[in-house]
Amino acid sequence: MRTALERHLANPLSTLRNLGVLAHVDAGKTTVTERILYATGTTHKRGEVHDGTTVTDFDPQERDRGITIFAAAVSCAWDGHRINLIDTPGHVDFADEVERALRVLDGAVAVFDAVAGVEPQSESVWRQADRHGVPRIAFVNKMDRAGADLDAAVASIRERLHPAPLLVQLPIGTEDGFTGVVDLLRMRARTWADGGDEAAEGPVPDALRDEAARRRGQLEEAVAGLHPGALEEYCATGTLTARRLAGALRDLTHSGDGVVVLCGSAYRNRGIEPLLDAVVAYLPSPLDVPAVRGTRDGGAQEERAADPSAPLAALAFKVSATPTGRLTYLRVYSGTIERGDAVWDTGARRTERIGRILRVRADRHVPLERAVAGDIVAVVGLKTARAGSTLCAPDAPLVLEPPGVADPVVSVAVEARRGADTGRLASALARLAEEDPSLVVRTDPETGQTVLSGMGELHLEVAVERVRREQGIEVGVGRPRVGHRETVGRGVRGFVYRHVKQDGGAGQFAHVVLDVEPLDADAGFVFRSAVVGGRVPQEYVRAVEAGCRDALAEGPLGGHPVTGLRVTLTDGATHVKDSSETAFRTAGRLGLREALRACAMVLLEPVAEVTVTVPEDAVGGVLADLAARRGRVTGSAARAGAAVVTATVPLAELFGYATRLRSRTQGRGTFTARPTGHAPAPALASVPAPASAR
């Protein structure tokens with residue numbers, strides 16, 4: 001009789017890996033993806049980012065800008081395993097693409113620069129992966145660069161990301177002399193010759209034997225301290241076998257208690273094969289992750305295991321318009337889907353039919369007859385499915401949790417330069433918003449302007465450029481507006497509001513007494529009731545809370561959303577005939593609106609954490625420019641001949657900063673910005689009110 005492990009390994013899903021490549025912009029993740037495709041025989045020529053020949057950066061804008069903008073899925077095979085790989089963007093403006101990808105992945109490879117270590121956006125994507133519980137391994141890239149320091153990069157992982165980094169390799173050579181790695185589990189060396197694709201394996205070089213033995217001992221101690229089974233063997237024998245060590249590393253990766261760290265140089269094609277071996281050895285298959293949970297029509301929770309014979313449950317995580325039709329990217333969690341199948345879209349509450357099923361390789365596709373639990377595929381034929389839609393068997397409906405969508409932080413006014421293109425522009429923007437849920441399109445009811453909102457200046461720039469290139473529409477763009485907030489600086493107590501309306505028939509009566517107190521802006525809105533004696537029935541208390549939430553949409557300073565306050569309903573009164581939930585909701589809305597006018601209100605503006613990397617001789621000018629933009633410097637450090645300055649800067653002051661920074665540093669300066677919340681705006685700041693308040 002087979003053991004549970006043998007049955008697990010016999011399941012075809014045990015040889016499937018769904019993983020993403022995560023990194024800060026320019027850490028080399030697209031090059032890592034290209035070398036994986038080359039090493040697995042999926043491509044026969046190495047694609048290069050600087051030449052615009054990569055498989056995953058196939059969009060013209062990605063090739064022009066040299067960065068990843070859209071998450072691209074590819075599929076390859078290694079050592080008898082199928083690997084579905086998603087290359088994610090590294091720029092903060094496209095973090096929503098990363099969020100949607102992480103929602104459907106079982107594991108990830110986090111790529112770090114050997115010189116810079118953990119950078120701001122690598123920290124952001126790491127936190128995103130933490131929220132989704134995605135196991136990771138780390139690959140320290142660019143070991144051939146001047147200033148590369150593996151130990152410093154590992155230290156930055158430990159200090160800034162707080163996992164236990166478990167280094168399983170020792171580099172052979174430094175900087176330009178980096179030629180290979182020592183595998184600390186097998187205690188064998190693997191080296192690559194210049195221009196060669198095949199690695200040569202041999203014994204550990206004599207000069208590195210003592211260091212390799214010391215590092216192996218450190219690895220065993222670290223693993224024994226984290227894994228009970230390994231600790232038992234370590235205490236009994238004083239060492240760990242390679243098999244026990246590999247099994248413990250796999251367990252620690254799955255639990256998130258440790259992260260396996262490898263190193264290499266993707267550009268020189270060094271270290272990719274060991275990385276693929278680690279993906280197969282340590283990252284989970286669909287069988288190793290918890291069963292997906294969903295909600296049935298009645299509200300009950302249900303789990304669906306990764307079983308091809310179970311009822312279908314699949315999540316759409318990306319929609320893309322192509323010249324050949326509308327592609328919907330799916331992660332199949334349970335069941336089997338075949339060409340021509342009818343599926344139930346729980347969001348649209350309608351039946352859709354699957355036209356074609358495709359195995360994806362960026363912008364190329366291979367037709368499939370079916371997809372089973374664990375697969376990531378694209379399908380053609382769905383008309384209403386959006387990112388976040390659940391597709392399931394019509395006779396077994398289930399709603400899966402959709403990926404989160406961040407609130408947009410920057411807006412621009414867009415208009416067609418030719419009046420005849422106005423309708424086409426509206427259709428093009430609607431398609432963009434359908435493909436990218438973090439883009440929001442709305443019409444200003446006062447001015448009739450079309451307002452496009454997104455996650456940053458580059459995000460909006462890319463969207464507008466897509467409309468120009470793909471639709472041939474000349475688009476005019478106004479200066480972006482950022483999303484301000486209002487908060488309570490000093491509250492009020494015992495504010496009385498009485499809502500009475502009598503216009504024939506049943507009237508409306510509601511009497512409420514409110515306390516308004518300030519909270520931290522990040523705390524949002526808190527409502528509580530301190531009414532005693534049943535003076536306001538519970539159903540009316542809920543109506544007052546709903547009315548207060550309605551009032552938060554527009555603050556008294558300029559019609560901006562209100563945040564950071566606590567409202568307490570302390571007293572009230574009802575009328576035997578005229579009181580109703582509608583009356584108390586109206587009283588809550590109008591009462592809080594009046595109470596806010598009596599409070600001392602503070603205008604908040606969005607701020608971002610900016611990390612600027614510049615030559616040391618340009619630091620003075622950069623600091624002066626940040627000060628002129630109302631930036632507050634929070635830190636500085638020297639790194640490999642460059643200065644790294646971190647500052648908190650109002651988001652409104654960052655528009656056009658990239659161009660200004662390039663001119664001040666002769667094109668050598670770079671920066672990244674990560675929204676971090678809101679801060680009080682200057683008292684004399686001139687802030688346009690939202691359209692709804694004008």
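Helix α2 is followed by G41, whose phi is positive, near 80 degrees; helices here are DSSP runs of H or I with at least four residues, strands are E runs of at least two, and both are numbered from the N terminus. The model is predicted, so local features need pLDDT of at least 70 and side-chain atom pairs pLDDT 80 or more, while totals for chains, interfaces and linings use all residues. Residues are numbered from 1 along each chain as its sequence is written, and side-chain values use heavy atoms, without hydrogens and water.

Ten of the eleven residues of α2 (residues 29-39) are buried, so this helix is largely enclosed by the rest of the structure. Buried means under 20% relative accessible area, exposed over 50%, and partly exposed in between (1.4 Å probe, protein chains only). The cover over the buried residues of α2 includes β1 (16-23), β4 (107-113) and α10 (272-282).

In α15 (residues 619-628), V619, V622, D625 and L626 are buried. They cover an arc of only 130 degrees around the axis, which puts them on the same side of α15; the arc is taken from the directions from the helix axis to the C-beta atoms. The face turned away from this buried side carries exposed A627 and A628.

| Helix | Following residue | Phi |
|---|---|---|
| α2 | G41 | positive, near 80 degrees |
| α15 | R630 | positive, near 65 degrees |

A nonpolar core is a set of buried Ala, Val, Leu, Ile, Met, Phe, Trp, Tyr and Cys residues joined through side-chain atoms within 4.5 Å. In the largest, of 47 residues, V109, I137, V182, V223 and L249 touch the most other members. α10 gives the most to this core, with seven residues. A second, separate core of 34 residues includes V619 and L651.

How values were computed:
Contact means heavy atoms within 4.5 Å.
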